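Q: I would like to learn how to read a few features of a protein model. Please take them one at a time.

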Amino acid sequence: MYRILIRNLAVIVLIGLAAPPLFAQQQLTSVEPLVSDANLVQLQKNIELNITNRSMEDALVSIAEEANLKLMYSKALLPKEERITLNKKSISLYDALWTVLDGSDLRFAISENQLLVLMKNSEEEKMLSEKVIIQETISGQVTDAETGETLPGVNVVIEGTSTGTTTNLDGEYDLEVTDSDAILVFTYVGYATQEIAVGDRDAINVSLESDFA
């Protein structure tokens, strides 16, 4: 089976969140290719801060309020002795967060549903290491169910996407998928559409039934 495991080091799914969050990296440029326009704009948004000798918790609450975010964290993660002073008339959300978290083992994530999530660096690394994208080449042949003849030009598309291919003159196809839950949709003029779940297979042969009455 042809299978490539690709570690996704920027996007993960957090339990309880409605959308994948963006993990901020030490350099914003390192994550730009993987960031949605909305998240990138939000990280670059300038806010005003008047924080003097405040706890890290208070500082993060102030940042979240200024950025119109809801803060999600565990009090046990935040150092109680740490005192923060950050007075800026204009500072980006990205710079403000890293200024406050500098020297700690905390990292943050911003979700599409406006949650600012705090977690320990070790938790981030663990979750990132568990997020794996499977890229697999599915191949097969499409034939007429009645005659057994091969069918060239059959459309093979991953359901819900624009990713697809067509069968060659021998009715054969190859298509890369990144999700074992993907469903392949086979369509051909004069034949009934057929949908098949990929599962753990790397070869899927299909026999299409005539759609003529």
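This is a predicted model: local features need pLDDT of at least 70, side-chain atom pairs count only at pLDDT 80 or more; totals for chains, interfaces and linings use all residues.

A: Residues are numbered from 1 along each chain as its sequence is written, and side-chain values use heavy atoms, leaving out hydrogens and water.

Q: Is threonine 167 buried or exposed?

A: Buried means under 20% relative accessible area, exposed over 50%, and partly exposed in between (1.4 Å probe, protein chains only). Threonine 167 counts as buried because its relative accessibility is 6%.

Q: Which backbone atoms lie by a polar atom of the side chain of threonine 167?

A: A polar atom of this side chain lies 2.7 Å from the backbone oxygen of leucine 151, and one lies 2.9 Å from the backbone nitrogen of glycine 153.

Q: How do the axes of helix α2 and helix α3 cross, and which residues make the contact?

A: Axes are lines fitted to C-alpha atoms, for helices over the stretch in contact, with angles from 0 to 180 degrees between N-to-C directions. The axes of α2 (residues 56–66) and α3 (residues 93–101) come within 10 Å and cross at roughly 175°. Angles over 145 degrees count as roughly antiparallel, so α2 is roughly antiparallel to α3. Contact means heavy atoms within 4.5 Å; Met56, Ala59, Leu60 and Ile63 of α2 meet Leu93, Ala96, Leu97, Val100 and Leu101 of α3.

Note on methods
A polar contact is a pair of N or O atoms within 3.5 Å; within protein, one must be able to donate a hydrogen and the other to accept it, and residues adjacent in sequence count only if both atoms are side-chain atoms. Helices (H or I, at least four residues) and strands (E, at least two) are DSSP runs, numbered from the N terminus. Angles under 35 degrees count as roughly parallel, over 145 as roughly antiparallel, 65 to 115 as roughly perpendicular and the rest as oblique.
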